[in-house]
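I opened this notebook to keep track of what I looked up, one topic per entry. The sequence and the model come first, and my notes follow.

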Amino acid sequence: MANMNAEKLLEVYHSGKATDEQKALVETWYLSFTESEHGFSHEELLEDKNKSLASLLVYVDNATTRRLWRNISVAASIFLVISAGLFFYLDENKRADHKYDAKLSDVEAGGNKATLTLADGKKIDLTSAANGNLAKLTGVEINKTADGQLVYTVKENGSSTSAIQYNTIETPNGGQYQVRLPDGTLVYLNAASSIKYPTLFAGKERKVEVVGEAYLEVAHNKNMPFKVTSAGQVIEVLGTQFNVSAYKDEGLMKTTLLQGSVKITSNGHSRLLVPGQQAQVDSREIIISNDINPKEVIAWKDGYFMFNENLKNIMNKIARWYNVDVEYDGNVDLNQEFGGRISRTKTLSSALKIMELTGNIHFKIDGRRVIVMK
């Protein structure tokens, strides 16, 4: 292995005929030279192929003495991270010729799709609605922007004494959307999620209801606390940034705090969160976890999947974003864990191909059905 030409090693890797050891070597090399403090940047590797090949050759030579193969399992756990790196570095034409599975159909990634339901029951398809003004309500205007955001603007003559009316935004599987509420709070909705909110905030508190997953950047107002109710729990904030995930098919409700402070109340229990903590709520208790990576939690709003969890949870996310059904072969271990990052703009087959690099799992796409096999 140590005597293999670096360019040949990349060629074998790209051909799909590389052994597990060869795959692990190339993937670990890429991460070590792009993520270490003194390593090469991704841009350097792209601009200078000779530098890339030279660095790989040195790494291969050193691998023998370091017993790199003892770390193959680690390399497999981080394989997803290189999806936007090594695969992009490899020759584009050759990569285009490397078929994942000729028999597979494919599914495009999700996008900005949602439905707005007004207080009078009128529904507006935000996917097809033209940009600009959508509705004028008592004291507020609703506009759709070109970048897929719904903006509520309170008019100067808007009255807080008007009867409170509620709107709801719902995203389907394969959809996401942003809304700026009347108080300036920015909400990102993930797939298969919804938020119900008043068209004007009045009284002593601002209260909204969330189903599914949402990331909120709450506008500060110390005189009017912001409350989010979700599946039986209440999140109370003054002004902060946090993510709440309350999908019915995932059991636990998870609230992750990025900035500020929040109080979680559920089943008669209350806990305070500080930045970097996550509250996990079930039917019995509130558990506070410090062992989380906030960037992983909110990666979805920035256009990525960041995985560090079991196969079942990962495929739940895949199913919602690509709007597909998932079936499992009886021999698949749903508790096996994967880690890494994949762009949410990739087609379904491209995302699954990256996951298959571990060699532990295989996928088949049949229309809008994904079959997961050992």
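**Terms and ground rules.** I call a residue buried under 20% relative accessible area, exposed over 50%, and partly exposed in between, using a 1.4 Å probe and protein chains only. The model is predicted, so I take local features only at pLDDT of at least 70 and side-chain atom pairs only at pLDDT 80 or more, while totals for chains, interfaces and linings use all residues. I number residues from 1 along each chain as its sequence is written, and side-chain values use heavy atoms, with hydrogens and water left out.

**Two alanines with positive phi.** I looked up Ala192 and found its phi near 55°, a positive value in a residue other than glycine. Ala192 sits in the loop between strand E9 (186-189) and strand E10 (194-198). Helices (H or I, at least four residues) and strands (E, at least two) are DSSP runs, numbered from the N terminus. Is Ala192 buried, exposed or partly exposed? Ala192 counts as partly exposed because its relative accessibility is 26%. Ala231 also is not a glycine and has a positive phi, of about 50°. I found Ala231 in the loop between strand E12 (226-230) and strand E13 (233-237). Ala231 counts as exposed, because its relative accessibility is 58%.

**Val228.** I then went to Val228, which is in strand E12. Val228 is buried, with a relative accessible area of 0%. I count a contact when heavy atoms lie within 4.5 Å. Leaving aside neighbours within four places in sequence, Val228 touches Val208, Val210, Leu216, Gln233, Val234, Ile235 and Phe242. For Leu216, which is 12 residues from Val228 along the chain, I noted a C-alpha separation of 9.8 Å.

**Strand E10.** Four of the five residues of E10 are buried, so the strand is largely enclosed by the rest of the structure. I say that two strands pair if DSSP finds at least two bridges between them. E10 pairs with strand E7 (residues 166-170) in the antiparallel sense over five bridges. With strand E11 (residues 206-217), E10 runs antiparallel and is joined by three bridges.

**Rings.** Rings of Phe, Tyr and Trp (its six-membered ring) pair if their centres lie within 6.5 Å; planes under 30 degrees apart count as stacked, over 60 as edge-to-face and the rest as tilted. My search of the whole structure gave five aromatic pairs. In one of them the ring centres of Tyr152 and Tyr197 are 5.2 Å apart and the planes are at 90°, so the pair is edge-to-face. Tyr152 lies in strand E6 (residues 149-154) and Tyr197 in strand E10, so the pair ties together parts that are 45 residues apart in sequence. Both tyrosines, Tyr152 and Tyr197, are buried. Elsewhere, ring pairs link Phe305, Phe307 and Tyr322 into a cluster.

**Charges over rings.** I count a charge as over a ring if NZ of Lys or CZ of Arg is within 6 Å of the ring centre and within 35 degrees of the ring normal. The charged end of Lys196 sits over the ring of Tyr166, 5.4 Å from its centre. Arg341 lies over the face of Tyr304, at 4.0 Å from the ring centre.

Seven of the nine residues of helix H10 (residues 348-356) are buried. The cover over those buried residues includes helix H9 (311-322), strand E22 (337-343), strand E23 (362-366) and strand E24 (369-373). E23 and E24 pair in the antiparallel sense over five bridges, with Met373 in E24 as the bridge partner of His362. The two strands E23 and E24 form a hairpin with two residues between them, and Gly367 in the turn has a positive phi of about 65°.

**Whole chain and confidence.** I counted 10 helices and 24 strands in the protein chain. Of its 374 residues, 47% count as buried. pLDDT is the predictor's confidence in each residue, from 0 to 100. The protein chain averages a pLDDT of 79, and 72% of the residues score at least 70. Over residues 33-39 the pLDDT is below 50, and this stretch has 12 contacts in the model beyond near neighbours in sequence. Residues 63-103 also have pLDDT below 50, with 83 such contacts. Where pLDDT is low, the predicted coordinates should not be read in detail.
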